[in-house]
Amino acid sequence: MTGGAAPDWASAPTHGIVEAHSRPPADAMRILLIEDDATTAAYVERALGECGYLVERVGDGRDGLFRATEGGYDLILLDRMLPGLDGLSVVAALRAAKVQTPVLILSALGQVDDRVKGLRAGGDDYLTKPFAFAELLARVEALLRRKSAPAQEVTRLSLGDLEMDLLRREVRRAGRLIELKPREFRLLEYLMRHAGQVVTRTMLLEGVWDYHFDPQTNVIDVHVSRLRQKIDRGFEPPLLHTVRGAGYMMRA
Amino acid sequence: MLKSGFLATSTFRLALLYAVFFGASVMALLGLFYWSADRALDRQTSLAVDSEIQALQDRWRDAGLGGLTEAIAERASHPRLGDMLYLLATREGQAVAGNITAWPERVRRENGWLLFDIERRWKTGEIERSQARARSFQLPGGILLLVGRDNRERLTLRRLMIEALAWSLAAVVALGIGGGLLLSRRVLGRIDAVARVAEEIRSGAVSSRVSLTGSGDEFDRLADTLNRMLDEIERLVASIRSVTVNIAHDLKSPLARLRGRLEMASRADAPSGERRDAIEEAIEEADGLIATFNALLSIAEAQSGRSAAEMSELDPATLVADSADLYEPLAEERGLKLQTEAAPGARVRANRQLLFQALANLIDNALKYAPPGGEIRIWAGPGADGPELGVADSGPGIPAGERERVREPFVRLDQSRSTPGSGLGLSLVDAIARLHGAELRLEDNAPGLKARLVFPQTVGADRSPGNAARGR
């Protein structure tokens with residue numbers, strides 16, 4: 001995570017429209033965008049560029065695979081339907097060549113099976129078009145984070161004065177024990193593991209409940225607001241923030 | 001191009017084929033009859049000749065040559081002689097007595113029989129030629145005796161048979177061709193009627209139907225089946241058309257709002273705060289449109305049966321627990337009581353994601369319609385009709401007459417027009433249910449709606465005696 005360079009979400013006022021901000025180019029993350037649709041590509045390239053990422057764009061599957069195998073990328077954004085070589089074959093070929101760069105598949109095919117196929121082929125995440133840019137950015141950051149902090153057994157998570165003991169299933173804030181129900185604990189754990197990042201409602205539904213669909217009600221918000229009642233009420237500063245039009249973020 | 005004539009119809013060919021078979025069987029039948037009649041006559045001839053020989057031998061023994069000559073002369077002159085032939089001749093062949101003028105010349109021998117041609121002269125001067133069969137003996141003293149029988153009857157029989165055969169073959173062929181023509185004209189007429197209707201429908205007259213003769217024959221049954229199929233197709237086309245119209249209608253309003261908001265945002269003099277709000281609202285409208293299309297695509301996908309590949313066996317009770325975990329806070333927030341009854345042990349083959357989405361849709365509906373202080377019940381278990389998953393609420397429910405219609409896309413009851421929603425929720429549940437071979441049953445919860453997903457009884461389910469005994 002790059003210091004205070006994260007976008008200022010709390011004041012980001014609109015859906016999907018992200019204020020430009022600067023990120024030191026020295027540690028800029030390199031993203032390979034394999035996408036044949038020029039409009040989508042230009043939009044993603046510009047918006048991610050404004051967030052400080054270095055985006056390189058390729059228009060077809062064969063070139064994409066070639067560039068991706070050369071390496072040097074932190075993340076690959078891969079359209080599923082491409083001229084030359086389709087997206088799933090590109091991932092499969094990359095994984096067969098032992099290239100472990102995280103791949104986020106973008107697809108107009110959003111059905112349950114398509115998603116399963118995409119992940120099975122070796123994709124790390126799957127996002128259905130059309131998507132809100134906030135959703136894309138949140139998932140990009142989650143994948144980059146996962147890459148820079150390789151999975152290791154974490155037994156404690158902490159943010160500010162909030163501490164989670166994953167072994168004893170205990171949560172303390174400023175030393176005070178907070179009682180959480182099991183699902184609230186899982187929710188908090190997911191948010192804490194993505195501290196400093198925006199987490200969208202669909203990411204929470206996927207990550208905490210393991211279901212992938214668009215809830216038509218504010219079912220996730222109610223869970224979050226209950227959790228907020230328990231961990232933020234009576235404490236300063238608030239840790240669980242709502243990012244308008246995007247989702248939530250744990251931030252000290 | 002359809003009227004290529006009767007001769008090309010399969011009915012006519014079939015009729016001809018039948019005529020050939022029938023002719024062959026007539027030939028076989030007559031042949032058999034002829035053969036057995038011929039043999040019977042043959043046997044009769046042998047018997048008659050043999051018994052005559054016996055009688056004449058007796059006479060000869062009793063009364064000598066004179067008696068024999070007398071007996072033969074008597075027989076030969078008898079008016080009811082029939083076809084018997086007698087000849088008593090000297091060694092030189094000179095006739096002594098009998099009804100044959102001389103000893104036959106060209107004689108063939110066969111199994112102790114003599115075969116020769118004879119000519120019969122009638123008083124009218126007619127000459128009748130036929131064949132005779134006879135036995136001959138040499139009596140002591142060189143006298144030759146010949147007793148035989150004219151084969152006239154057999155020849156007549158043969159002629160009759162050939163005539164009968166010719167006539168019946170002619171009749172069979174005539175009837176076959178005539179019947180074939182008649183039959184194929186009738187069949188062709190009925191088929192042409194069906195083809196005409198198909199042609200009419202193709203050219204746009206979709207409510208055209210095949211008329212029935214009322215005889216209830218196979219053509220009527222075919223026409224009836226076709227008519228019912230056409231009714232169903234017409235109904236489906238109409239429903240697709242109404243869905244299309246509904247889509248257009250339901251999407252027009254949000255698109256109009258979207259356009260209006262963007263237009264407002266693009267106005268040069270708009271204050272930046274208002275512009276930002278307008279854009280935000282426009283994005284919300286776009287998200288709503290995307291959600292509608294996603295729901296339509298999900299329905300289409302469930303209807304196409306493509307997800308069937310990703311099925312696994314699961315206990316619906318786990319979905320009840322998951323959904324309660326997800327929805328309980330929201331229900332509580334709305335002042336609703338959420339109750340679950342999950343009896344474990346039921347197994348269904350299902351796509352977990354889709355089935356959960358169906359359950360979530362039913363719960364969304366229940367949350368939407370249950371009045372504050374009301375109650376929502378989610379249950380699963382091995383039901384009486386099969387494994388079952390259901391949601392019941394204490395809302396206004398759906399009138400019995402509307403329970404079929406609400407499954408169709410975009411159909412919303414008047415009382416729910418004011419609540420948000422796309423009118424696709426139940427359609428998706430219905431499509432997912434069908435994908436799983438399950439049935440969505442909408443029932444009265446008195447008050448409220450009871451929605452049950454009833455799955456087919458799984459093959460190979462636990463049918464141990466203990467389980468069976470538990471059945472009510």
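This is a predicted model: local features need pLDDT of at least 70, side-chain atom pairs count only at pLDDT 80 or more; totals for chains, interfaces and linings use all residues.
Local features need a pLDDT of at least 70, side-chain atom pairs count only at pLDDT 80 or more, and totals for chains, interfaces and linings use all residues. Residues are numbered from 1 along each chain as its sequence is written, and chains are lettered from A and ligands numbered from 1 in the order in which they are written.

**View 1. Chain A has 8 helices and 12 strands.** Helices (H or I, at least four residues) and strands (E, at least two) are DSSP runs, numbered from the N terminus. Of the 252 residues in chain A, 40% are buried. Buried means 20 or more other C-beta atoms within 10 Å of the residue's own; exposed means 12 or fewer, and partly exposed lies in between, with C-beta atoms placed from the backbone.

**View 2. Confidence in chain A averages a pLDDT of 84.** pLDDT is the predictor's confidence in each residue, from 0 to 100. In chain A, 87% of the residues score at least 70. Over residues 1–25 of chain A, the pLDDT is below 50. Beyond near neighbours in sequence, this stretch has 48 contacts in the model. A contact means two C-beta atoms, placed from the backbone, within 7 Å.

**View 3. Six strands of chain B form an open sheet.** The order is E2-E1-E6-E5-E4-E3, with antiparallel pairing. Two strands pair if DSSP finds at least two bridges between them. Strand E2 (95–98) and strand E3 (108–110) of chain B are the edges; each pairs on one side only. Neighbouring strands of this sheet are turned by 35° against each other on average, direction ignored. Axes are lines fitted to C-alpha atoms, for helices over the stretch in contact, and angles run from 0 to 180 degrees between N-to-C directions.

**View 4. Strands E4 (residues 113–121) and E5 (residues 127–139) of chain B pair in the antiparallel sense.** They share 8 bridges. Phe116(B) has Ala132(B) in E5(B) as its bridge partner.

**View 5. Helix H1 (residues 10–77) of chain B lies across E1 (84–89), E2, E5 and E6 (143–150) of chain B.** H1 runs at about 145° to E6(B).

**View 6. Chains A and B meet through 23 residues from chain A and 29 residues from chain B.** On the chain A side, helix H4 (112–120) and helix H8 (219–232) each supply at least two residues. The largest share, 4 residues, comes from H8(A).

**View 7. Helix H6 (residues 352–369) of chain B is mostly covered.** Of its 18 residues, 15 are buried.
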